[in-house]
Every structure is written in structure tokens, then in C-alpha cells.
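Trainee: I am new to this structure. May I put some questions about it to you?
Mentor: Go ahead, with the sequence and model in view.

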Amino acid sequence: MKNNYWAKLYRNTISIFLPVSKKRRGSCNRCGACCKLPNVCPFLRYDENNKARCTIYPIRFIACRKYPRSNKEFLTKDTCGFWFEES
Ligand code: SF4
Ligand code: SF4
């Protein structure tokens, strides 16, 4: 959990200025996993199909828009709809 804390802190600070990797593929399947790192975001809700829904979606944080930015910062591989091509 402590690693997740630092990973999220990094995700929400330095990494927001960096570009999204060109090796990223896929799309968000609204699993909601990235909105719980390390604590559940207060803006996270779920719809009737158990899909994650952001209540501030139009003005969500840059870090949210870019996640997962790179394979190195990819913390939710088990459920995320994105992936990164091998180099
Ligand atoms: S972990 Fe991936 S698929 Fe799940 S909500 Fe975040 S970006 Fe979307
Ligand atoms: S602001 Fe929205 S997209 Fe960002 S972590 Fe919270 S619920 Fe998820």
C-alpha cells in the first residue's frame, strides 16, 4: 500500500507534465481500479451495470485523463482495458 501511495503521488505530480506513451493501446473499460489508488476517490460512483462513473468527468484531473501514462506507472494491469506494447 505504501508503494501505491508514492506511485499515486508521482502520478498526480511529476507525471502529469509528461506525455502518454505512444505504446499504449486499448481503452478504458470503466473498471474503476485507478480511482482507488490508494484510497477511493470521492468523485467515484458506479452505475447500474457496475461500471465506474466519474461525477466530475468533464473537469477531471490531468492525471486521470492521462492514466495509464506509461507501463512503468501502470498499477492496475489486472483489470484495466489499456495495455502497452513491448519495446
Ligand atoms: S484502471 Fe484502466 S480501465 Fe479501469 S477505470 Fe482506470 S483507466 Fe479505465
Ligand atoms: S476524479 Fe474521477 S477519474 Fe479521477 S480518480 Fe476521481 S473518480 Fe476517477
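Trainee: Is K51 buried, partly exposed or exposed?
Mentor: This is a predicted model, and the answer rests on a count of neighbours. K51 has 13 other C-beta atoms within 10 Å. A residue is exposed at 12 or fewer and buried at 20 or more. Because its count is 13, K51 is partly exposed.

Trainee: Where does K51 lie, and which residues does K51 touch beyond four places in sequence?
Mentor: K51 is in the loop between β2 and β3. K51 and R30 are 21 residues apart in sequence, but their C-alpha atoms are 5.4 Å apart. Leaving out residues up to four places away, K51 touches R30 and Y46.

Trainee: What is the phi of R30?
Mentor: R30 sits in the loop between β1 and β2, and R30 is partly exposed, with 16 other C-beta atoms within 10 Å. Most residues other than glycine have a negative phi. R30 is not a glycine, yet its phi is positive, near 60 degrees.

Trainee: Which peptide bond next to P38 is cis?
Mentor: Most peptide bonds are trans. P38 is in the loop between β1 (24-26) and β2 (44-46). With omega near -10 degrees, the cis bond is the one from L37 to P38.

Trainee: Which residue is joined to P68 by a cis peptide bond?
Mentor: P68 has its place in the loop between α2 and β4. Omega of the bond in question is about -10 degrees. The residue joined to P68 by this cis bond is Y67.

Trainee: Why does R69 count as buried?
Mentor: R69 is in the loop between α2 (62-66) and β4 (82-84). Beyond four places in sequence, R69 is in contact with S15, L18, V20 and S21. The cut-off for a buried residue is 20 or more other C-beta atoms within 10 Å. R69 counts as buried because its number of C-beta neighbours is 20.

Trainee: How far apart in space are R69 and F84?
Mentor: In sequence, R69 and F84 are 15 residues apart. The distance in space is taken from C-alpha to C-alpha, and it is 9.7 Å.

Trainee: In what pattern do the helices and strands follow along the chain?
Mentor: The chain has two helices and four strands. Read along the sequence, they give the pattern α-β-β-β-α-β.

Trainee: What share of the chain is buried?
Mentor: The chain has 87 residues. Of contacts between residues at least 6 apart in sequence, 66% join residues at least 24 apart. The share of buried residues is 10%.

Trainee: How many residues surround ligand 1?
Mentor: The closest are C28, C31, C34, T76 and C80. By class, the shell has eight nonpolar, five polar and one charged residues. The number of residues around ligand 1 is 14.

Trainee: How many polar residues are in the shell around ligand 2?
Mentor: The residues around ligand 2 are C35, C41, F43, L44, C54, I56, R60, F61 and C64. Eight of the shell residues are nonpolar and one is charged. The number of polar residues is therefore none, as Cys, Phe, Leu and Ile count as nonpolar and Arg as charged.

Methods. Residues numbered from 1 in each chain as written. Chains lettered and ligands numbered in written order. Predicted model: local features only at pLDDT ≥ 70, side-chain atom pairs only at ≥ 80, totals over all residues. Near = placed C-beta within 6 Å. Contact = placed C-beta atoms within 7 Å.
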